Amino acid sequence: MDTMEVILTRRSVRKYTDNRVSEDLVEQLLRAAMAAPSAANEQPWHFVVITDRSIMAQVPSFHPHSHMLKQAALAILVCNDSSLELMKGRGVLDCSAATQNMLIAAHSLGLGAVWLGIYPVEERMTGMRKLLNMPSRIVPVSLVSIGYPDERLSMEDRFKQERVHYQRWMGSAEDKVKKAKKE
Ligand SMILES: Cc1cc2nc3c(=O)[nH]c(=O)nc-3n(C[C@H](O)[C@H](O)[C@H](O)COP(=O)(O)O)c2cc1C
């Protein structure tokens with residue numbers, strides 16, 4: 001697949017086979033994540049690779065949309081180390097870029113993955129910190145559930161011309177509908 005095809009056909013995969021994922025592939029996912037852009041090139045991220053099923057199985061107790069972890073071969077927690085931030089508040093954005101790189105790489109390597117949101121939900125952040133014994137300066141941003149896909153989701157075309165503006169903000173048909181509803 002070329003890069004555009006990988007980007008356009010990526011979907012969240014929540015069902016996995018029992019196959020394990022090799023250490024080499026895990027390293028490739030981490031390399032892709034760490035190749036992401038970051039504010040002032042601060043690279044404030046840390047990654048926790050979790051293959052222990054007994055740890056993954058505890059996440060649904062504080063995260064209601066994470067049941068696929070019971071089947072996953074591994075999960076990678078993307079964390080922002082706030083002490084490494086050169087530009088305050090940017091670390092979470094950097095970690096989001098790293099997460100997306102990891103999802104794209106997973107799809108390109110034949111793996112299936114889904115982004116589980118941790119930040120900014122307090123209960124999930126506290127739950128992750130407790131579960132993995134993390135210091136409070138570390139902000140868990142996203143948990144990526146990974147395995148070999150046991151479902152095939154078709155590509156969705158999400159292109160919306162009305163969300164595109166040229167040169168300046170143009171009142172779109174959508175704005176007009178919203179305005180009419182308010183009046
Ligand atoms: C910030 C963020 C948080 C998300 N959190 C969850 C989650 O907790 N559980 C889950 O199953 N999917 C989660 N997703 C995946 C979205 O549901 C999914 O990306 C969206 O429905 C679009 O589908 P697609 O990824 O197949 O294109 C999250 C995605 C993002 C970007």
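In this predicted model, a nitrogen atom of the ligand sits 3.0 Å from a polar backbone atom of His 65, a polar contact being a pair of N or O atoms within 3.5 Å. Taken alone, the ligand exposes 620 Å², and the protein buries 63% of that (Shrake-Rupley areas with a 1.4 Å probe). Residues are numbered from 1 along each chain as its sequence is written, and side-chain values use heavy atoms, with hydrogens and water left out. As this is a predicted model, local features need pLDDT of at least 70 and side-chain atom pairs count only at pLDDT 80 or more, while totals for chains, interfaces and linings use all residues.

A polar side-chain atom of Arg 14 lies 2.8 Å from one oxygen atom, and for an N or O atom in the side chain of Arg 10 the distance to a ligand oxygen is 3.0 Å.

Now to the salt bridges (a side-chain nitrogen of Lys or Arg within 4 Å of a carboxyl oxygen of Asp or Glu): the structure holds four. Arg 11 pairs with Glu 156, the closest N and O atoms being 3.5 Å apart. Arg 11 is in the loop between α1 (3–9) and α2 (23–34), and Glu 156 in the loop between β4 (138–147) and α6 (173–182), so the pair ties together parts 145 residues apart in sequence; these helices (H or I, at least four residues) and strands (E, at least two) are DSSP runs, numbered from the N terminus.

Conventions: A polar contact is a pair of N or O atoms within 3.5 Å; within protein, one must be able to donate a hydrogen and the other to accept it, and residues adjacent in sequence count only if both atoms are side-chain atoms.
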